[in-house]
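Student: Could you take me closely through one part of this model, namely how its helices pack against each other? Please spell out the cut-offs behind each term as you go.

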Amino acid sequence: MASSQLSPAETRDLASDGAEETGHRPDLLRRRRLLLFPLALLCLIALCASMLVGSRPIPPAEVLRAALHPDPADEISQLVHLSRIPRTVLVLLAGAALGVAGALMQAVTRNPMTDPGILGVNSGASLAVVTGLAFFGMSDISQYMWWSFAGAMVTSVLVFAIGTTGPARGNPIRMTLAGVALGAVLSGFSSAVLFTHSEVLERMRGWSAGTTASQPLEATLQIAPFILLGLVIAALSTRALDVLSLGDAAAVAMGAHPQRIRAVVLVAIALLAGGATAAAGPIGFIGLLAPHLARMVVGPHQGWIMACSVLIAPTVLGLADSLGRVLTAGEVPVGVVTAFIGAPVLIGMVRRFRVSEA
Amino acid sequence: MTTLDLGRPVLRLGRAGRPLLLLDARSAALCAGLWTATVLLAGWAALSGAAGITPADGLAALLGRGDEYTTMVVVEWRAPRIVMAVLLGACLAISGALFQNLTANPLGSPDVIGFQTGSYTGALVVMLLLGGGTAAVITGALTGGLLTAAIVFALASRRGAVRGVRLIIVGIGVSAMLASVNVWILLTATVEDAIMASLWGAGNLSGMSWPLVVPTATVSIVFLVAAALLARPMKVTQVGIPFATALGQNVRAVQIAAIVVGIGLIALSTATVGPVSFVALAAPQIARRLVRADGLALGPSAAIGALLLLLADVIAQRLDPDSPLPVGIVTVSIGGIYFLWLLIREGRTR
């Protein structure tokens with residue numbers, strides 16, 4: 001086999017395009033680059049929708065004026081600055097974080113039916129947050145976000161440890177089983193804490209459903225550096241993940257260190273999922289949905305999947321959030337809306353594609 | 001004549017040549033041990049507690065010779081709760097075992113694939129949106145569970161075959177949707193209503209009384225007998241559908257009967273005490289590993305389910321006597337942790 005003589009670039013192409021016909025590669029590359037523009041446009045539209053749509057209709061020109069000229073005396077300006085802008089920023093950050101965290105998890109577990117929600121990472125992060133609030137008297141996001149990162153990290157290490165040790169390692173069903181079990185246990189603990197501490201229950205009722213409405217802009221911005229760090233780590237590890245997608249044996253043969261890659265990716269997942277959960281609560285299905293949509297348009301190439309996920313996930317989250325604001329007289333939390341969008345897509349995917357009967 | 005070697009110790013009832021009943025020795029011993037533990041735990045639960053009743057007084061009350069207060073506490077308050085825990089634990093475990101066998105997957109239990117969440121949605125709609133009494137809530141829960149099951153099976157079936165991973169993923173999806181509907185209904189309710197409904201929604205055994213236990217027990221016994229009758233044909237089906245068909249079994253009829261019985265059991269328990277999760281998922285798996293059998297082990301599953309739910313309720317009541325937890329939270333914790341431990345141990349030893 002001639003693979004030892006391949007240059008790194010060729011190796012990467014082999015890794016990424018193995019499933020595709022080589023004759024179409026130039027087309028595909030051009031298509032991938034061109035695709036980023038409509039995706040970015042869609043993302044922009046979704047963010048605009050998040051700025052413009054609300055239970056109180058404000059004309060776009062008014063929103064723009066209020067956004068550019070803050071005026072404490074003006075009610076509309078206050079509303080734009082204290083509600084619309086923080087929510088839009090949070091949609092962008094949490095969306096990108098969850099989308100990329102999902103893509104990382106799917107890549108590193110080689111299991112398509114995975115996201116931080118299904119594997120219990122969001123539950124771990126929220127249990128840590130609830131514990132910090134109830135037992136350690138925390139109230140500020142700068143305190144409990146550390147708990148959220150730690151919770152996400154511990155949970156993902158646990159799920160990976162259970163799913164990747166022993167002879168059945170890499171069996172997706174086994175890992176999903178471990179994740180679902182762990183997630184159920186952790187949310188059980190969260191409910192126990194919430195039931196015995198009614199003041200936390202009252203405060204976190206909205207947050208525990210997954211919402212963009214609960215944080216002021218300062219809180220969101222405190223999370224931002226960590227999410228950005230997670231995104232950078234994700235971007236740097238895409239090549240390694242492409243190699244890993246061929247399986248551990250092939251990856252080792254190509255000079256990669258699967259365990260080292262997994263450890264780095266775990267840190268990124270903890271930063272992304274923990275950060276998003278600390279700010280917006282456990283929002284499900286975005287991490288599942290975005291990478292799948294991305295894979296449908298760009299094919300099995302981790303770098304492109306990540307890049308598209310960063311654009312697709314905030315789009316979906318922004319549209320879901322805007323929809324939730326106008327759906328009823330009150331407001332539907334975005335976590336509820338994403339479940340309603342994500343679950344049918346998941347079901348449709350399972351019905352359309354052949355799922356291996358493991 | 002030679003005796004048939006079944007590869008593992010077997011208890012035989014009747015003549016050697018034509019046995020009346022063959023019982024797996026390990027499974028029988030396990031069941032006996034588990035039920036003894038359950039009875040002992042039930043006795044302890046009935047005789048201890050915050051009311052300050054001595055075991056001797058409590059025993060007298062159970063035998064019908066106690067004073068009025070003791071009789072009320074032990075016979076009217078504690079006993080129905082214990083009976084209900086044992087009964088529903090067994091129901092949940094059997095339901096889980098039936099569905100896990102049908103789907104040929106440990107994740108295919110009714111609390112994972114959304115039937116329990118659907119029951120809860122039905123109950124919430126009746127409780128908070130329509131405003132009905134206990135009977136209406138129970139009807140709502142049953143309707144919700146059956147509707148969810150119908151939707152999940154319809155969405156997951158492909159050319160009439162419902163088996164394996166597709167059903168589970170469809171179930172998880174439907175379950176997530178219904179769970180978010182539940183969250184939304186709770187968010188729109190007033191805080192008092194929401195706390196009441198979510199206490200029930202976490203699975204709660206408090207407030208049981210004999211008038212509620214008697215009908216539940218009657219209905220559940222019907223379903224449990226049906227499940228016991230289904231055990232043998234289902235074991236045959238598990239070997240393989242062509243094999244079962246060749247033996248002259250109507251596989252489709254057995255499967256439909258198993259679905260109806262399984263949903264009946266889970267909806268009954270959800271309607272009475274709310275969605276107690278993880279017993280249906282964990283009990284059959286724990287039983288399977290303890291018996292070291294690869295198939296349907298209804299007897300041990302039921303015994304483990306009963307013990308698990310009773311133990312969880314005892315812990316939930318005694319952990320913090322001032323604010324007792326809903327039992328469902330404890331079942332999640334005990335069942336979940338034990339299940340994880342099994343997964344880890346399996347990963348290490350084999």
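Tutor: What follows starts with a helix pair in chain A, moves to a loop there, and ends with chain B. This is a predicted model, in which local features need pLDDT of at least 70 and side-chain atom pairs count only at pLDDT 80 or more, while totals for chains, interfaces and linings use all residues. Residues are numbered from 1 along each chain as its sequence is written, and chains are lettered from A and ligands numbered from 1 in the order in which they are written.

In chain A, helix α4 (residues 75-109) and helix α12 (residues 258-280) have axes that come within 9 Å and cross at roughly 150° (helices are DSSP runs of H or I with at least four residues, strands are runs of E with at least two, and both are numbered from the N terminus; axes are lines fitted to C-alpha atoms, for helices over the stretch in contact, with angles from 0 to 180 degrees between N-to-C directions). The crossing of α4(A) and α12(A) is left-handed, that is, the near helix is turned anticlockwise from the far one by less than a right angle. The contact of α4(A) with α12(A) divides into 17 nonpolar residues, one polar and one charged (Ala, Val, Leu, Ile, Met, Phe, Trp, Tyr, Cys and Pro are nonpolar, Asp, Glu, Lys and Arg charged, and the others, Gly among them, polar).

The loop between α12 and α13 (286-298) of chain A holds F285(A), which has a positive phi of about 75° although it is not a glycine. Most residues other than glycine have a negative phi. F285(A) counts as buried because it has 29 C-beta neighbours inside 10 Å (20 or more is buried, 12 or fewer exposed, in between partly exposed, with C-beta atoms placed from the backbone).

Chain B has 13 helices and two strands. There the axes of α2 (residues 55-62) and α3 (residues 68-103) come within 9 Å and cross at roughly 75°, so α2(B) and α3(B) are roughly perpendicular to each other (65 to 115 degrees; under 35 is roughly parallel, over 145 roughly antiparallel, and the rest oblique). Their contact involves D57(B), G58(B), A61(B) and L62(B) of α2(B), together with T70(B), T71(B), V74(B) and V75(B) of α3(B), and these residues divide into four nonpolar, three polar and one charged. Buried residues make up 50% of the 350 residues in chain B.

Definitions and conventions: Two residues are in contact if their C-beta atoms, placed from the backbone, lie within 7 Å.
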